[in-house]
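Me: I am new to this one and would like a friendly walk through it. Could we look at it together, one step at a time?

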Amino acid sequence: TTGYFFQYRAFGETTWISLTAATSNINLTGLFPATLYEAQVANDCGTNNSAWSASTIWETEYFRLAGDVDMVSSFNVFPNPSNGIFNVNYTGSTENAPVEITVQNMYGQIIFNLTRQSVLGVNEQQIDLHKAAAGLYFVSIKSGGKEVKTSLMVK
């Protein structure tokens, strides 16, 4: 492989947006909030390129918190959509800071709540809601008086 071909589009659209990269990482900018996107990747092997991968589908965040770019950029919930078992990943900027992780249903009812101490750097918490009904949920983390939220689809 000499590089990678990457294509993405808003889910349901017919036109792909194509990019190339020398490494397997790519940063997308200009995506719309609360939008489903679809992406595929292929290896650039010169004249004999690989086939496109199966599509990966994700949804951009619904909410952003002004004034706390570091916390927002490091907050991730995956896989999304999920079978009810998923991970919340965030970067802690302070050792032993209390972090509250909450999951709410569409009616605002809290169906999961956990407070834990963060470590400096990457933090990850697996959450098991496999008995939850299929639908849209909101996952939030609170720390230091600030809160960020994103959506989670449970199949």
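Me: In what order do the elements of the chain run from the N terminus on?
Reply: Happy to start there. Helices (H or I, at least four residues) and strands (E, at least two) are DSSP runs, numbered from the N terminus. The chain has one helix and 11 strands. Written out from the N terminus, the order is β-β-β-β-α-β-β-β-β-β-β-β.

Me: Before we go on, what sort of model is this?
Reply: Residues are numbered from 1 along each chain as its sequence is written, and side-chain values use heavy atoms, with hydrogens and water left out. Local features need pLDDT of at least 70 and side-chain atom pairs count only at pLDDT 80 or more, while totals for chains, interfaces and linings use all residues, since the model is a predicted one.

Me: What percentage of the residues of the chain count as buried?
Reply: Let us settle the word before the number. Buried means under 20% relative accessible area, exposed over 50%, and partly exposed in between (1.4 Å probe, protein chains only). The C-alpha trace spans about 55 × 35 × 25 Å along its principal axes. Of the 155 residues in the chain, the buried share is 35%.

Me: Which side chains meet in a salt bridge?
Reply: A salt bridge is a side-chain nitrogen of Lys or Arg within 4 Å of a carboxyl oxygen of Asp or Glu. The structure holds one. With 3.1 Å from N to O, its partners are Arg-9 and Glu-38.

Me: How many residues apart are Arg-9 and Glu-38?
Reply: Arg-9 counts as buried at 15% relative accessibility, and Glu-38 is buried too, at 10%. Arg-9 sits in strand β1 (residues 3-10) and Glu-38 in strand β3, so I would look at the pair as a link between distant parts of the chain. Their separation is 29 residues.

Me: Which side chain does a polar contact of 2.6 Å join to Glu-38?
Reply: A polar contact is a pair of N or O atoms within 3.5 Å; within protein, one must be able to donate a hydrogen and the other to accept it, and residues adjacent in sequence count only if both atoms are side-chain atoms. Contact in general means heavy atoms within 4.5 Å. Setting aside residues up to four places away in sequence, Glu-38 touches several others, including Gln-7, Trp-16 and Thr-56. The partner in the 2.6 Å polar contact is Ser-55.

Me: How many aromatic pairs are there?
Reply: Rings of Phe, Tyr and Trp (its six-membered ring) pair if their centres lie within 6.5 Å; planes under 30 degrees apart count as stacked, over 60 as edge-to-face and the rest as tilted. By that rule the count is three.

Me: Which pair is tilted at 35° between the planes, and which is stacked at 25°?
Reply: The tilted pair, 6.0 Å centre to centre, is Phe-6 and Tyr-8. Both Phe-6 and Tyr-8 are buried. The stacked pair, 5.7 Å centre to centre, is Tyr-37 and Trp-58.

Me: Is Val-88 buried or exposed?
Reply: Val-88 has its place in strand β6 (residues 85-92). Among the residues in contact with Val-88, leaving aside neighbours within four places in sequence, are Phe-75, Ile-101 and Val-139. At 0% relative accessibility, Val-88 counts as buried.

Me: What is the relative accessible area of Phe-78?
Reply: Phe-78 lies in strand β5 (residues 76-78). Not counting residues up to four places away in sequence, Phe-78 touches Phe-86, Asn-87, Asn-89 and Glu-124. Phe-78 is partly exposed, and the value is 30%.
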